[in-house]
Amino acid sequence: MIVFEHVGKRYGGRFDALAALSFRIRRGEMVFLTGHSGAGKSSLLRLIIRLERPSRGRILVAGHDIDTLHASQIPFYRRQIGVVFQDHQLLFDRSIFHNVALPLEIQGMEPRESARRVRAALDKVGLLHRERALPIELSGGEQQRVGIARAVVNKPALLLADEPTGNLDPQLSADIMRLFEDFNRIGTTVMIASHDLALIARMRYRTLRLRDGRLTAEQEAP
Amino acid sequence: MSREASKGRGARAQRTTLSSRWRGWLRHHRAMCLDSALRLVRSPLGSLFTMLAIAIALVLPAGLWLMLDGARLLDAELDASATATAYLAADVDDDEAGRIQQALNAHPEIKASRLITAEQGLAEFQRSLGLSDLMARLPDNPLPASIVLSPSDPSPLAMRALADRLEELPGVDEVRLDLAWLDRLRKLAELGRRATLGLGVLFGLGVLLVVGNTIRLAVASRRKEIEVVTLIGATHAFVRRPFLYSGAWFGLGGGALALALLTLGADWLAAPISALAASYGASYSLPRLGWAGSAIVLTCSTLLGWLGAWLAVSRHLSKIRPR
């Protein structure tokens with residue numbers, strides 16, 4: 001699903017955020033990406049959704065070299081990837097329902113079908129009863145779950161998450177990880193960037209470990 | 001996900017794309033058209049100020065254009081009154097003058113002519129000067145007979161050529177053209193037309209800047225929203241759409257205000273203008289825009305608003321391209 005071939009990303013001509021990165025993630029796999037903060041986890045995710053372009057190397061997603069995408073194709077490419085952002089990226093002037101509906105609205109989906117899918121996604125993350133609330137009325141964990149609902153409402157084949165359990169307590173973190181496992185079980189490829197090593201160890205999935213922009217260890221799922 | 005499942009889903013997605021994309025597009029247009037109008041209404045004072053600024057920028061060129069339109073009508077009237085006067089030699093008597101007039105009438109360049117005999121000329125002269133006893137004091141009528149000619153081609157060049165030829169005729173002493181002031185008026189009108197065009201372009205740019213600046217602020221206040229929808233796959237067209245509608249609404253509102261200002265201004269100026277024109281013996285009144293003119297003003301202002309918004313949003317979008 002994702003192939004990195006000798007990918008490097010350099011900022012400002014001097015600082016290598018990522019260097020000579022090569023790995024492969026199979027379709028339907030669930031993978032953790034870990035490393036200390038600043039190791040390049042977010043940069044890597046930003047490369048995959050083509051918020052940034054690699055300075056060197058090639059990235060293939062679903063068999064396509066994404067560097068060859070024309071600017072006008074990028075939006076359509078991004079629609080195939082669900083992303084859970086570290087800072088949620090919710091819009092605070094509209095309800096939970098409308099936040100989750102946003103990807104479908106962008107695609108021009110018919111409102112009735114869209115509402116059905118939004119409710120299904122909210123139900124999945126356990127927030128159906130809060131659909132009319134504004135994001136500000138929700139706790140951090142709930143906001144994170146809204147972000148997850150928005151990422152999956154479109155039924156993407158690939159789900160990326162950047163520190164989805166950032167500041168959550170262990171119980172909430174485990175709940176959220178179980179959600180990702182559920183999506184993985186129905187065939188979604190999942191990639192989660194996290195520095196919560198204890199949690200990752202418990203989860204027993206394949207783990208890519210980054211240090212200073214390099215892959216230090218690739219630990220297979222036990 | 002198994003390969004079969006993924007294929008099935010792809011096919012379904014394709015079907016919905018083909019059948020509903022157009023409807024989805026229309027739906028978003030409708031929603032954004034309404035949404036941007038509501039945003040304008042929700043901050044009425046700010047919207048009004050923007051529209052007023054646009055209106056003021058539009059009123060001046062539109063007003064000048066109207067005045068020139070009126071001047072063009074006046075111009076046609078002047079063309080019709082363009083004449084040449086052929087003064088006959090002093091020894092030509094009335095009978096011969098009549099014959100010369102007939103000869104002149106035979107020329108295709110001459111549309112009409114009017115003979116003023118020496119006596120008629122003197123009488124007219126007396127009347128215009130208010131000297132009733134002039135005749136008594138003069139031993140002899142010093143004025144020659146004259147023929148006032150209306151040429152069929154009133155252009156200065158043709159009239160000059162005509163005059164040169166008529167002067168060759170026997171019995172014709174001199175042909176006078178009163179072209180200088182007509183010429184000056186035409187040049188003035190041309191100057192006015194160019195000034196209006198130049199002002200129109202300048203003030204059109206002004207409208208672009210006003211709308212562009214307003215939309216730039218709107219973009220800045222919705223920066224977060226733009227960022228989020230771009231992250232999850234919104235096209236530039238999708239991001240631009242609400243702002244383009246806002247710009248178009250601003251333009252339309254500004255255009256409507258400009259029409260109102262023009263109507264008020266025309267009413268206010270109508271009386272002094274016709275009084276002034278009457279003192280020159282002309283009948284001139286400011287023409288009204290009418291339906292077609294109003295439609296042109298509204299279309300232009302709406303397009304300018306739209307374009308201003310497009311420029312502002314595009315500038316912002318070009319800054320958030322992936323590096």
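## Helix α6 of chain B

In this predicted model, the buried residues of α6(B) are Met159(B), Leu162(B), Ala163(B) and Leu166(B). Look down the helix axis and those buried residues sit within an arc of 105 degrees, so they line one face of α6(B).

What lies over the buried residues of α6(B)? The cover includes three strands of chain B: β1 (84-88), β3 (146-151) and β4 (172-177). As for length, α6(B) has 13 residues (156-168), which should span 18 Å at 1.5 Å a residue; the end C-alpha atoms are 19 Å apart, so the two agree.

## Where chain B touches chain A

The contact draws 21 residues from chain B and 23 residues from chain A. On the chain B side, the elements giving two or more residues are α1 (3-42) and α8 (223-231). Of these, α1(B) gives the most, with 8 residues.

## Chain A as a whole

Chain A has 7 helices and 10 strands. Its radius of gyration is 17 Å, close to the 17 Å that the globule rule gives for 222 residues, so chain A is as compact as a globular protein of that length. The C-alpha trace of chain A spans about 45 × 40 × 30 Å along its principal axes.

Inside chain A, 44% of the 222 residues count as buried. Take the contacts in chain A between residues at least 6 apart in sequence, and 68% of them join residues at least 24 apart.

Note on methods. Residues numbered from 1 in each chain as written. Chains lettered and ligands numbered in written order. Predicted model: local features only at pLDDT ≥ 70, side-chain atom pairs only at ≥ 80, totals over all residues. Contact = placed C-beta atoms within 7 Å. Helix = DSSP H or I, 4+ residues; strand = E, 2+ residues; numbered from the N terminus. Expected span 1.5 Å × (residues − 1). Buried ≥ 20, exposed ≤ 12 C-beta atoms within 10 Å, placed from the backbone. Arc of directions from axis to C-beta. Rg over C-alpha atoms; globule rule 2.2 N^0.38 Å.
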